[in-house]
Amino acid sequence: MSATLRYTKLEVQRILREPRFAIFTIAVPLALFMVDASIFKSSGGFDGIAIAKYLMVSMAVFGAISAALNATGARLAEERRNGWLRQLDITPLSPWSVVTAKTLAAMTLTLPAAALIYLFGALTQGVTLEAWQWLALLLASWLGSLPFAALGVLIGSAGNVDTSQPLVTGSMFFLNIFGGVFIPLQVLPRAMGHIATILPSNRYAELGWAIADGRAPSAVGITVLAAWTVGLCVTGVLAYRRGSVRT
Amino acid sequence: MHAIQFSSVVKQYGAVRAVNTFDLTIGSGQSVALLGPNGAGKSTTISMLLGLATPDAGSIEVFGHTSQEAVKEGLIGAMLQEGDLVPGIKVRELIDFVRRLYPNPLELDEILRLADLTELVDRRTDKLSGGQAQRVRFALAIAGQPHLLVLDEPTAAMDVASRHAFWASMRAYAAQGHTILFATHYLEEADDNADRIVVIDHGQVIADGTGAQIKATTGTRAVRFTLGSQPAAGLQELAGVTSVEIRDDVALLRTDDPDATLHALYASGLRIRDLETDGANLEEAFLSLTGDAA
């Protein structure tokens, strides 16, 4: 196994041992799933998708964004402070490997968050999908989380220990509320729908809604998500290099 | 090939010249102490040696490579002054991860033995005492079996017993033929654990040699006696005296001519009890070199 992958594995292990992480990425989305499901149970569904299926995808996106941001964000800022990144800097592991491993770890940690929501949807909300759809959902969840992991790297590199957690929390609420993830856009003021279409969170969820509905995802949606991915990866890596700059 | 070569290195932070035309060559296999008061430029020197800071002028070579190359090749291991251990991981996992980053690491058991961590392998890094954490940081520094081991004030957070054990570990690693450079402001540590002491102040080398040589270069001697309630005025003016210190009722005179000073002391009419004279210890030599009051 390459050094980058071994560091990825180490990061995943470390993060999974944090109870706080599981609460924010699994327990909170599950709770919101139950709340939303009871609020919207009389609604027939949105965009032609049954309500339980629609909410399941939304909540998996919520958990995945939360995982991607919390696996990087404040943790990275803390490691810049406590000397761990400096310790790695004086080993043969390159800074590029470090930032790649952190991003991969964050993406990987979206999988348990999303998978538990899917399991909950299938077992308690009566969601039924083909096997390929479940697999495609997991794959989309993993790949589509890249811009959020990069955003977390950006926040953790540009912010310090005090500012990065509020920035992560703020980004999470903004992306989830304005992206139509917490509450379906159809029940919110129309202006919010316009904002949503340019946000990566909405396009990330749209990918899942399409898969759950057995449709091909929209080209526009994928383009928007890809543009955010490129932009955030570039700024994230630049900020990381700057944040750990040699004097 | 030299292990380390600093050639006319300069590093400026704002208006402060932290390191000022620093020249130093260290041969392979030496154990060298970098001794100086706080703010002398020790940490800046070490940061540049490790490639964490770039000199404004001059050059640094480590085994013929630039610092960054030497780090990338796994030739350097270091224990930095600041920093906590990364949390959420067991001692064994952390050490094993770091050792595998190097091309030619020590065996895990060997690292644990050298750092005296065998009992603590399954402990989480966030559940260690300060001294235990320092041992883990030492283990990380030697894990890759680096040719050059760099330690920046390694015992700062340790109690006396931990210090003793720590230096024993360090000497065991040095005995395998590795080059060691450590920074300290504990004079005794430098004298006990290095075969060469480089004294730095204001970013420059001000003395370089064995502990004995450094003591000899200053030529200072100390004269102590019980002064009691007698006045201290006038002691400073006695022949040869370079400084006077009164602690409780004991007077300590540093002199560069002890014979003349003793002569003058007895002629002064003071009642001299409990007289002792000795060669300067390293601390006194150090103070005389750096011109610092303790």
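This is a predicted model: local features need pLDDT of at least 70, side-chain atom pairs count only at pLDDT 80 or more; totals for chains, interfaces and linings use all residues.

Let's begin in chain B with an open sheet of 3 strands, ordered β2-β1-β4 and paired antiparallel. At its edges sit β2 (16-27) and β4 (57-62) of chain B, each pairing on one side only. Neighbouring strands here are turned by 15° against each other on average, ignoring direction.

Now zoom in on β1(B). Toward β2(B), 8 bridges hold the antiparallel pair together, and Phe6(B) has Leu24(B) as its bridge partner in β2(B). The hairpin made by β1(B) and β2(B) has 2 residues between the strands, and in it Gly14(B) takes a positive phi near 60°. Strand β1 (residues 2-13) of chain B is also joined to β4(B), again antiparallel, by 5 bridges. There, Val10(B) has Ala57(B) as its bridge partner.

Next comes another open sheet of chain B, with 6 strands in the order β5-β6-β7-β3-β8-β9 and mixed pairing. β5 and β9 (204-209) of chain B have a single partner strand each, so one side of each has no neighbour in the sheet. One pair to look at is β6 (residues 148-152) and β7 (residues 179-184) of chain B, which run parallel and share 5 bridges. In this pair, Val150(B) stands opposite Leu181(B) of β7(B). Lying across β5 and β6 of chain B is helix α5 (residues 130-142) of chain B, which runs at about 170° to β5(B).

Where do the two chains meet? Here, 22 residues of chain B are in contact with 19 residues of chain A. On the chain B side, α2 (67-72), β5 (76-79) and α3 (91-99) each supply at least two residues. That side of chain B is made up of 14 nonpolar, 4 polar and 4 charged residues.

Nonpolar side chains tend to be buried together in soluble globular proteins. In this model, the largest nonpolar core has 146 residues, and those with the most contacts inside it are Ala68(A), Ile76(B), Ala139(B), Ile142(B) and Val150(B). Helix α3 (residues 51-71) of chain A gives the largest share of this core, 15 residues. As for Ile76(B), its contacts beyond four places in sequence include Ile90(A), Leu50(B), Pro146(B) and Val150(B). There is also a second, separate core of 9 residues, with Val223(B), Leu227(B), Ala251(B) and Leu265(B) among them.

How values were computed: Residues are numbered from 1 along each chain as its sequence is written. Chains are lettered from A and ligands numbered from 1 in the order in which they are written. A nonpolar core is a set of buried Ala, Val, Leu, Ile, Met, Phe, Trp, Tyr and Cys residues joined through C-beta atoms within 7 Å. A residue is buried if 20 or more other C-beta atoms lie within 10 Å of its own, exposed if 12 or fewer, and partly exposed in between; C-beta atoms are placed from the backbone. Helices (H or I, at least four residues) and strands (E, at least two) are DSSP runs, numbered from the N terminus. Two residues are in contact if their C-beta atoms, placed from the backbone, lie within 7 Å. Two strands pair if DSSP finds at least two bridges between them. Axes are lines fitted to C-alpha atoms, for helices over the stretch in contact, and angles run from 0 to 180 degrees between N-to-C directions. Ala, Val, Leu, Ile, Met, Phe, Trp, Tyr, Cys and Pro count as nonpolar, Asp, Glu, Lys and Arg as charged, and the others, Gly among them, as polar.
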